[in-house]
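Let's take a walk through a protein model, one piece at a time. Have a look at the picture below, then read on.

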Amino acid sequence: MLSLKTAKAAGDFDHYPDSMGVLVDVNRCVGCRSCEAACNKEQGLPEPEKPFNDYSVFDEGHEGGGHGGVGRRTDETRYTVVNKYEVPEIDHPLYRKSQCNHCLEPACLTSCFVNAYTKTPEGAVIYNPDVCVGCRTCMIACPFYVPAFKYSSAFSPRVMKCIFCYDTRLKEGRPPACVEACPQEAMTFGKRFDLLEIGRKRIRQHPDKYVNHIYGEKEAGGTAWMYLSPVEFGEVGFDVHVPHEPVINFVRDFLSIVPMVLVIWPALFAGFHLLANRKDAQHNHDDIDREGGE
Amino acid sequence: MPLRKKWCMMWGIAAGVVLLWAGQGRAIDRSDAPETVTIGLLAELYDPVEFNHTAHIEMVECSDCHHHTVGTVTKRWNCIKCHDNPQEGDTVGCSDCHPLDRFGSRYLATLDNPELYHKEKPGLKGAFHLNCVGCHQEQGGPTGCEDCHTMNETGEKRFNAGPYTPAR
């Protein structure tokens, strides 16, 4: 009965009502990579291979290049990347920034058995390297393939991903570095609730400029970072098959058994073992007593 | 580079003053418009931009940039719904309406006002670029970052460019 009740409460969790988010407008992005540069410096990430004003990076990963033609990916050296997409219906290229989407019910957090991840009331999904054991389950769990592993320091495990500039900015109510750096205001920072309203308003006022969908409103149970696009989301590199239910809904039943297995089973079987061997122990004890008595 | 930073600051302030002055005009006439406007908004990373205002008013309508504040009817259908009989505004300077710190908590708090319609008003940097780049794309003007902005040393460090290009 108790477990049923808690399960229901988890499903009804209304998220943090005043949590912040970012609305990314693919229409507005011009691919200047200012966000990538700002992120690199804010987070103290390693020097890039090419300067941030080198636009030849947009050709990496496409057409026969690496990454299966999906463009560049976030990795241990970069928390955010901008990719370029040529779509037939628009006469100029489109650019799309990607980073951690900061899910409302993060799969990384759900999958982590040492609780290295935290969803903060401000909206960020942050990570604590001190407790991480480097199992990399989060990398498999994430529906957006965001967390990256720092293979160069495998003995002090470290997952690398965007943390919404939590410790340096978000905590103090400031926007993340990428948002502040964007010249085009392609990213709108605000309360997630207001961003949905802004997104719907933009779609309503410019039906010719946007498809009628806010990516991230429902995907993976809702994300703090959401997107508007002038073309179908699949055309600009989004996974349109991400389920609308949070990942936790698929694994809750299984995960609720894990603590029981881990806590109750050892005690239970240790008990069985002791009971089964009780007679032997008693015998031995009696023998010793008898020997001592003689 | 404290000296350089100081210069950048001074340019920024100068730009602010020019923008303010641009906002002081009352009877708004093309001839009253400033010839150039120095914009030092990105002075941290780039040298200030000398915006040739005269050249631009030859090419576009005042309302293309100044919306309804110069007393002409704007072409944007969404604005006309309310601003159908525009009066000259008290100010026409961009920075008088478009906030510098668009995503700062103080400005975001003002958006909670339920009577506010212009919730989506871009910040100053966004307003400049959305308007300038948008028109340049349509009209074939320069659209590259460094076509308008000359990167300074802080910018080169930020972008790992110029002397800070990765050696590989």
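## Ground rules

A salt bridge here is a side-chain nitrogen of Lys or Arg within 4 Å of a carboxyl oxygen of Asp or Glu. By that rule, three salt bridges cross the interface of chain B and chain A. Side chains of opposite charge can pair when their charged atoms come close.

This is a predicted model, where local features need pLDDT of at least 70 and side-chain atom pairs count only at pLDDT 80 or more, while totals for chains, interfaces and linings use all residues. Residues are numbered from 1 along each chain as its sequence is written, chains are lettered from A and ligands numbered from 1 in the order in which they are written, and side-chain values use heavy atoms, with hydrogens and water left out.

## Where the two chains meet

How many residues does each chain bring to the contact? Chain B gives 31 and chain A gives 38, with contact meaning heavy atoms within 4.5 Å. Together the chains bury about 2,700 Å², 52% of it on carbon and sulfur atoms; buried area is the accessible area (1.4 Å probe) that two parts lose on being put together, summed over both. B:Phe103, B:Glu120 and B:Phe159 supply 27% of the area that chain B buries against chain A, more than any other three residues.

One salt bridge pairs B:Arg102 with A:Glu185, their closest N and O atoms being 3.8 Å apart. On chain B's side of the contact, helix 7 (124–139) gives the largest share, six residues. Helices (H or I, at least four residues) and strands (E, at least two) are DSSP runs, numbered from the N terminus.

## A quick look at chain A

Chain A has eight helices and nine strands. Of its 294 residues, 46% count as buried; buried means under 20% relative accessible area, exposed over 50%, and partly exposed in between (1.4 Å probe, protein chains only).

Chain A averages a pLDDT of 88, and 89% of the residues score at least 70. That score is the predictor's confidence in each residue, from 0 to 100. Over residues 1–10 of chain A, pLDDT stays under 50.

## Helix 2, tucked inside

Why is helix 2 of chain A largely enclosed by the rest of the structure? Seven of its nine residues are buried, so the rest of the structure largely encloses it. Among the buried ones are A:Cys35, A:Glu36 and A:Cys39. The cover includes strand 2, strand 3 (94–98), helix 5 (177–181) and strand 8 (187–191) of chain A, together with helix 9 of chain B.

## Charged pairs in chain A

A:Glu36 forms a salt bridge with A:Arg72, with the closest N and O atoms 2.6 Å apart. A:Glu36 lies in helix 2 and A:Arg72 in the loop between helix 2 and strand 2, so the pair ties together parts that are 36 residues apart in sequence. Both A:Glu36 and A:Arg72 are buried.

Another bridge joins A:Glu42 to A:Arg169, with the closest N and O atoms 3.2 Å apart. A:Glu42 sits in helix 2 of chain A and A:Arg169 in the loop between strand 7 (159–160) and helix 5 of chain A, 127 residues apart. Buried or partly exposed: which is A:Glu42? A:Glu42 is partly exposed, with a relative accessible area of 27%, whereas A:Arg169 is buried at 6%.
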